[in-house]
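Biologist: I've got a new model open and I'd like to learn how to read it feature by feature. Can you walk me through it?

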Amino acid sequence: MKKIFLFTSFIIFSLQTIKAQDETFTLTVEVFGLKKNTGKVFLAVFDNEGTFLKTDKEVKGMSVIIVNNKAIAQFKGLKKGDYALSLFHDKNNNNKLDTNFIGIPKEPYAFSNNATGFMGPPSFKDSKISLNADKTIAIKLN
């Protein structure tokens with residue numbers, strides 16, 4: 001009887017673990033408005049206001065190539081929740097967002113929800129998207 005109980009418990013635990021692993025989603029991001037196919041697009045995904053736009057605090061990040069003035073990125077394995085994205089077109093392929101002497105970006109950039117800020121970047125709240133299933137979003141690069 002003890003073996004049957006242990007075996008049943010193991011099966012139930014295994015099924016719950018598999019279900020928990022299935023609770024992740026894919027966020028596909030289609031970036032349009034690119035004027036050239038040179039360079040690449042860098043994207044970063046953040047999951048809370050406290051880390052939004054902080055260097056090395058993103059949940060996931062990647063760079064993608066540009067084809068036909070579009071870039072498509074897929075972020076797999078994201079858990080259900082709220083996320084905000086920032087991205088920029090690294091036109092000169094130097095792996096960084098170039099800015100002028102006072103810190104204003106010289107390369108095109110954008111945020112999820114096509115959010116814009118006043119005298120700075122938008123807030124996490126304005127850029128926030130909710131993810132509870134696989135989702136595709138479009139972002140226009142400025």
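This is a predicted model: local features need pLDDT of at least 70, side-chain atom pairs count only at pLDDT 80 or more; totals for chains, interfaces and linings use all residues.

Biologist: Then how do I class F101, as buried or exposed?

Modeller: F101 has a relative accessible area of 81%, so it is exposed. You'll find F101 in the loop between strand 5 and strand 6 (109-111).

Biologist: Let me step back to the fold. In what order do the elements run from the N terminus?

Modeller: The order is α-β-β-β-β-β-β-α-β-β, which comes to two helices and eight strands. The protein has 142 residues, and 30% of them count as buried. For the contacts, take pairs at least 6 apart in sequence: 68% of those join residues at least 24 apart.

Biologist: Now the inside. How should I read a nonpolar core, and which residues touch the most other members in the largest one?

Modeller: The idea is a set of buried nonpolar residues joined through their side chains. Here the largest core has 23 residues, and L27, V29, V31, V41, L43 and F75 touch the most other members. At least two residues of this core come from each of strand 1 (24-32), strand 2 (40-46), strand 4, strand 5 (81-90), strand 7 (129-131) and strand 8 (135-140). Apart from it there is another core, of seven residues, including F52, A84, F111 and F124.

Biologist: What is V41 in contact with, beyond its neighbours within four places in sequence?

Modeller: V41 contacts V31, L34, M62, S63, V64, I66, A71, L87, F88 and H89.

Biologist: And L78, is that one buried or exposed?

Modeller: L78 counts as buried because its relative accessibility is 2%. L78 sits in strand 4 (residues 71-79). Setting aside neighbours within four places in sequence, its contacts are E23, T24, F25, L27, V59, K60, Y83 and L131.

Biologist: On to charges. What's the general idea of a salt bridge, and how many does a search of the whole structure find?

Modeller: Side chains of opposite charge can pair when their charged atoms come close. The search finds one salt bridge. D82 forms it with K128, and the closest N and O atoms are 4.0 Å apart. Since D82 is in strand 5 and K128 in the loop between helix 2 and strand 7, the pair ties together parts 46 residues apart in sequence. D82 is partly exposed at 31% relative accessible area, and K128 is partly exposed at 34%.

Biologist: What about rings? How many aromatic pairs are there in the whole structure?

Modeller: Five aromatic pairs turn up. F42 and F88 make a stacked one, 5.2 Å centre to centre with 5° between the planes. F42 lies in strand 2 and F88 in strand 5, so this pair also ties together parts that are 46 residues apart in sequence. F88 counts as buried, at 14% relative accessibility. Elsewhere, ring pairs link F46, F52, Y109, F111 and F124 into a cluster.

Biologist: Last one: the backbone. What should I look for in phi?

Modeller: Most residues other than glycine have a negative phi. N93 has a positive phi, near 60°, and lies in the loop between strand 5 and strand 6. N114 also has a positive phi, about 50°, and is found in the loop between strand 6 and helix 2 (124-127). N93 is partly exposed, with a relative accessible area of 44%, and N114 is partly exposed at 37%.

Conventions. Residues are numbered from 1 along each chain as its sequence is written. Side-chain values use heavy atoms; hydrogens and water are left out. Helices (H or I, at least four residues) and strands (E, at least two) are DSSP runs, numbered from the N terminus. Buried means under 20% relative accessible area, exposed over 50%, partly exposed in between (1.4 Å probe, protein chains only). Contact means heavy atoms within 4.5 Å. A nonpolar core is a set of buried Ala, Val, Leu, Ile, Met, Phe, Trp, Tyr and Cys residues joined through side-chain atoms within 4.5 Å. A salt bridge is a side-chain nitrogen of Lys or Arg within 4 Å of a carboxyl oxygen of Asp or Glu. Rings of Phe, Tyr and Trp (its six-membered ring) pair if their centres lie within 6.5 Å; planes under 30 degrees apart count as stacked, over 60 as edge-to-face and the rest as tilted.
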